[in-house]
Amino acid sequence: MLGSGLLQGLAVTAKNLAGSFHDPARYVTTEYPEQRTKLPENYRNFPFLVHDDPADPNGTLRCVACQICEKECPPQCIYIVMERDEKGKALRRPKVFDLDISVCISCQICVEVCPFDAIKMDQEYEIATRNRFGGLLLHREDLSKSNAYYHQIHPTEAAGVDAALAEQKAKQAAAKAAKAAPAPKAAATTATPATAATAQDSAISPAPAAPPPASAPDTPANPAPANPPPDA
Amino acid sequence: MSLAFLLIAFLTVATAAVAMALRNLVRSALLLGASWAGVAAFYLWAGAEFLAFAQVLVYVGAISMVVLFAVLLTRPSRDEGAVSPASAGRLLPALIAGGSVLGVLVGAIVGSPLRTAAKPPLAFTVRELGLQLMGPHAASLVVVGALLTVALLGAVVIAAPGRPGDREDPR
Amino acid sequence: MSAHPANALPLLERLPVALRDACTSWLPESWRWLANSLLSIVAIFVVFATLFALLTLAERKILGRVQNRPGPNRAPLPFLGIRTYGLAQPLADGIKMLTKEDIVPRGADRVLHFLAPVALLAFSILTFAVIPYGRALLPVELDAAVLYFFAAGAATELAIFMAGWASRNKYSLLAAMRALAQLISYELPLLLSIVPVVLVAGSLSTSEIVEQQGTWLFGVFPQWHVFTPWGFAGFLIFFVAALAESNRSPFDLPEAESELIAGHLTEYSGFKYALFFMAEYFGMCALSGMGVTLFLGGWQAPIPALAFIPSYGWFAAKLLALLFVFMWIRATFPRLRIDQLTRLAWKFLVPLALVNLFTAAFWVLSSGWAGPLAFARWLVAGTLVLGPFLVLGRRLSAGLGPRTYRYA
Amino acid sequence: MSAAGELAGLSAAPGTTVRAVNDPFHGDLLEVSMGPHHPSTHGVFRMMVTLDGETVVKLKPVFGYLHRNHEKLGENTTYLGSMPYTDRLDYLNSMTNNWAYALAVEKLSGQPVPERAEYLRIILAELTRLLNHTCLAGFLLQDTGCSGTPLMYAFREREHILDLFEALSGSRMMCNYQRFGGCRVDPTPGWLAAAARLVDGYGRFLDEYEALITGNEILMARTQGVGVLQPDLAVNAGATGPMLRACGVDYDLRKVDGYGFYPRFEFRVPLGDHGDTYDRYMIRVLEMRESIRILQQALRDLPAGPIIDAKAKNRGLRPKAGEAYGRIEGPKGEIGFYLISDGGPNPYRYRVRPPSFINLTVLEDMCLGQTVADAVVILGSVDIVLGEVDR
């Protein structure tokens with residue numbers, strides 16, 4: 001009968017109109033500045049540098065300026081200059097670490113390839129600035145944030161990273177002890193097991209509002225670089 | 001000759017005259033519509049409401065549309081030059097035509113026994129108008145209806161696409 | 001205002017007329033008529049202007065709620081800064097429209113460009129004069145009221161043509177032509193759907209038509225025209241034609257994407273654009289008002305027990321219900337193409353309206369049937385309405401229909 | 001198909017004759033440019049339409065406004081570096097773009113993929129297919145003129161799927177989730193439960209959606225018999241995906257190639273008979289119902305195990321010299337990546353086979369003889385995304 005499809009359509013819109021008053025599934029707007037949706041733990045926006053001791057944010061950066069992330073970054077938005085003392089010896093600390101967030105595509109490949117868990121993805125998204133040139137070029141001081149902040153935004157992942165770092169420190173201490181006691185073995189250690197560089201971010205805790213994020217103990221994503229970082 | 005009558009008369013004639021004088025065809029067509037509205041005002045002044053609204057509905061609503069469509073759809077054919085109205089060659093025929101029409105009109109106005117003191121309009125309702133139309137004047141109503149239907153069907157037949165004789169218009 | 005035995009009615013019913021008389025009683029007799037009509041003009045304009053403002057807000061709120069979102073609710077009251085669930089939104093729109101620059105294209109025909117919205121608004125306001133808003137609230141008591149209503153409505157086409165032509169723009173002229181084709185082809189079913197009502201009521205005056213629908217069957221069922229077979233069919237045809245006349249949803253040509261911009265409204269901005277919208281909403285209100293008067297029993301109460309609610313209350317309720325259906329349809333249906341739209345008018349609505357004329361005539365002739373014959377009367381009238389609808393409906397949607405799909 | 005005037009070559013829709021000459025008697029043809037800022041052209045896409053009154057006489061698609069030099073960029077970035085750029089190709093379906101690229105690189109470098117990763121890839125690809133077809137139905141209805149209602153319902157469901165992607169990969173649309181040899185993040189049990197809930201609820205949404213749209217007489221009038229695509233023309237033009245299946249050609253890569261573990265799942269491929277806009281819309285709705293069945297089966301028997309191969313090599317990947325072409329059945333059709341490696345870290349040649357670009361080539365054939373309003377609806381039914389068309 002002509003018009004039965006039209007009446008069905010009207011019935012659906014009426015159901016939605018009535019539903020929007022009592023059924024939360026049919027009223028989906030969160031009015032942004034007043035209400036905010038809970039971000040899933042895996043959410044990533046722009047990178048930031050992790051430092052261990054908030055007292056000296058630029059001194060205790062985990063970043064050793066090995067420039068792997070600079071090479072691997074697809075849009076090439078990272079610029080690192082290694083700090084050198086007066087005699088030109090590398091101090092394994094970035095004197096300059098610029099990241100241009102107007103170029104960055106927040107793809108977290110830098111996080112993936114960083115062997116020292118120095119750079120992680122931030123969840124801060126209200127970073128609009130009026131100044132298009134200087135404002136979006138973040139320097140080392142703006143980028144560096146404390147490990148506590150890292151624990152706050154990515155709890156499970158941060159826990160995994162800390163566990164791996166602690167285990168690695170213990171292994172190095174044991175190796176040093178073994179090296180100090182018996183005659184120094186000359187061979188360079190083989191590639192430290194992959195756990196040293198758990199580059200993977202992973203998250204566990206299910207976020208209450210949004211469907212729970214992915215997690216599970218991260219698996220060894222990719223092996224540490226073939227040769228250990230060049231030490232003095 | 002009340003003021004209202006004079007005012008309406010002046011407006012109707014004025015719009016018609018300006019409509020004649022304008023070069024912009026569309027504006028003159030719209031002014032023609034306005035002068036028909038003036039005629040409707042006459043009917044209202046005379047108390048014939050039904051007739052006035054019918055006049056507005058038919059003339060101002062529909063026929064002015066037809067005039068406007070005609071004005072738009074006929075392309076100003078560029079080839080034959082528009083003869084300037086004031087050229088001398090057309091003075092004599094214009095005078096003869098105008099004069100004869102004037103003579104006939106004046107003769108009719110003077111000849112007919114116009115009762116100036118109009119009888120008070122008999123307060124009739126639309127129902128009586130309908131009964132009159134269906135009663136004594138039913139024949140003329142049927143004739144007018146038939147005429148309009150034939151005209152409508154004729155228009156439809158002419159406009160129908162794909163008639164056998166019409167090879168030229170493929171659509 | 002027509003003089004009715006006002007004092008016999010309850011206070012609330014007499015209130016508007018009493019107010020008006022209070023204001024104009026000190027005037028000498030000869031001036032009173034003029035003052036009364038001026039007052040009713042002011043009343044109509046105030047009521048329908050605020051209704052227009054609220055309608056724009058209601059439209060966006062209903063559309064929003066249908067789409068599971070709140071609709072405008074952020075506009076704060078000026079200087080107070082409190083958000084009033086969007087009630088200040090029409091205020092904000094109005095100020096925006098007033099302050100927007102009114103651009104007139106250089107090549108435009110300046111006089112017509114200005115005159116078009118004014119004429120459109122004037123003609124659509126004229127139509128409010130004959131709608132009976134309440135028992136004694138009929139602005140102009142005309143014997144040929146229905147004819148007056150459609151005479152004023154018919155002139156709106158002139159204004160749309162002026163808008164299209166004056167903008168000196170290829171697309172707006174093309175669009176104006178289309179809008180005219182739509183209006184003219186839907187004027188016929190609109191008028192033809194009115195004729196059965198006039199036939200049954202026996203008069204063209206709106207107040208008499210509403211009086212006719214005043215009785216109740218067995219004290220409960222109102223005798224509105226819509227509850228008769230021919231009345232229901234007539235109302236549906238009237239409603240569809242009213243949708244098309246006021247350029248509403250399935251027929252809103254000007255905003256159609258095939259119009260490429262905004263149809264004949266392309267070259268209008270600022271307050272003239274707002275005038276066009278005001279005229280569209282006034283047209284919608286007037287047509288629904290006439291629909292309520294002719295088919296839904298005007299200001300009559302549905303059951304006698306509820307007659308204590310004033311008559312203008314009932315008229316307002318029915319008017320708002322009809323306007324809600326206008327918006328509800330806008331939120332649901334896609335748009336028809338121009339050729340489908342005109343085919344629907346000429347090949348579906350006009351024949352149905354003509355057949356509806358016969359059903360109404362049969363209904364009047366068979367009014368004397370009683371008892372079992374009344375049942376037969378309903379049966380015959382029902383088949384006279386349903387039969388052509390099904391036949392023409394199948395012919396109209398020939399070749400269209402749900403399909404079954406095969407799987408590889 | 002008789003076609004009067006110079007355009008004899010083009011096959012207009014059957015039964016309509018198209019003239020392309022400015023013949024004085026009929027008035028001149030109207031040259032109209034729709035876009036690139038036209039509200040209903042799905043991004044910066046322009047149609048130079050020549051109108052004879054209402055019917056389309058000639059239609060020249062003009063695009064390239066969103067050309068970002070994607071393929072040359074691919075040659076100057078490492079294999080891993082190109083992965084986030086594939087999200088930006090067809091920005092509605094980043095998961096399937098990633099999978100196609102990962103498949104190509106895996107063929108090139110011969111890296112195996114664990115079972116759990118294959119299942120995850122299928123789950124995410126089918127979720128993307130749901131998302132894309134829901135979006136298409138919404139856009140198509142928006143083109144025919146509903147004032148946004150079906151589009152809002154489509155976006156409401158799409159947001160649920162995007163929340164899942166955000167919880168898993170970190171970003172709603174730019175997921176960058178697949179890696180060569182597997183996936184990047186392992187979903188939590190909570191995520192899998194949410195995905196199962198969404199998939200079960202999707203059937204109800206589709207029923208409500210079809211009730212609103214599919215039986216609607218106005219929509220049937222606007223789309224049935226409009227923009228008919230002949231099967232032979234579709235095959236010759238290389239059209240793939242729902243557009244091809246709507247003309248009745250049985251060609252679905254999931255069945256033809258059987259890549260991933262698709263042969264393990266039981267699903268059907270719907271085929272249309274008329275090849276018009278209504279068929280293209282209905283085929284996508286039926287495909288959504290099939291995707292729901294695949295998702296239910298995949299979520300039910302998702303195996304445990306690693307999500308990436310132990311010896312998977314992503315950073316500093318230098319595949320041996322050679323070439324590979326990886327293709328999958330994306331929501332818009334066959335999306336493929338053709339890579340030539342010369343042993344270096346960057347591919348020597350990086351080519352994308354964009355389905356919406358190739359499906360677009362037949363737009364003019366479908367629009368000839370239709371009205372302007374239909375041209376917009378036909379463009380909507382082709383389902384193009386300008387990121388993929390311009391690359």
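Guide: Let's start with Thr206(C), which counts as buried because it has 25 C-beta neighbours inside 10 Å. This is a predicted model, where local features need pLDDT of at least 70, side-chain atom pairs count only at pLDDT 80 or more, and totals for chains, interfaces and linings use all residues. Residues are numbered from 1 along each chain as its sequence is written, while chains are lettered from A and ligands numbered from 1 in the order in which they are written.

Visitor: What counts as buried or exposed?

Guide: Buried takes 20 or more other C-beta atoms within 10 Å of the residue's own, exposed 12 or fewer, and partly exposed is in between, with C-beta atoms placed from the backbone.

Visitor: Which residues is Thr206(C) in contact with, leaving aside its neighbours within four places in sequence?

Guide: Contact means C-beta atoms, placed from the backbone, within 7 Å. Thr206(C) has Val130(C), Ile131(C), Pro132(C), Ala145(C), Val146(C) and Thr293(C).

Visitor: And where is Thr206(C) found?

Guide: Helices (H or I, at least four residues) and strands (E, at least two) are DSSP runs, numbered from the N terminus. Thr206(C) sits in helix α8 of chain C, residues 206-212.

Visitor: How do I read the sheet in chain D?

Guide: Strands pair if DSSP finds at least two bridges between them. Here 3 strands make an open, antiparallel sheet, ordered β7-β8-β9. In chain D, β7 (322-330) and β9 (349-353) are at the edges, each with a single partner strand, so one side of each has no neighbour in the sheet.

Visitor: How many bridges join β7(D) to β8 of chain D?

Guide: There are 9, and β8 covers residues 333-341. Gly322(D), for one, has Ser341(D) as its bridge partner in β8(D).

Terms used. Contact = placed C-beta atoms within 7 Å.
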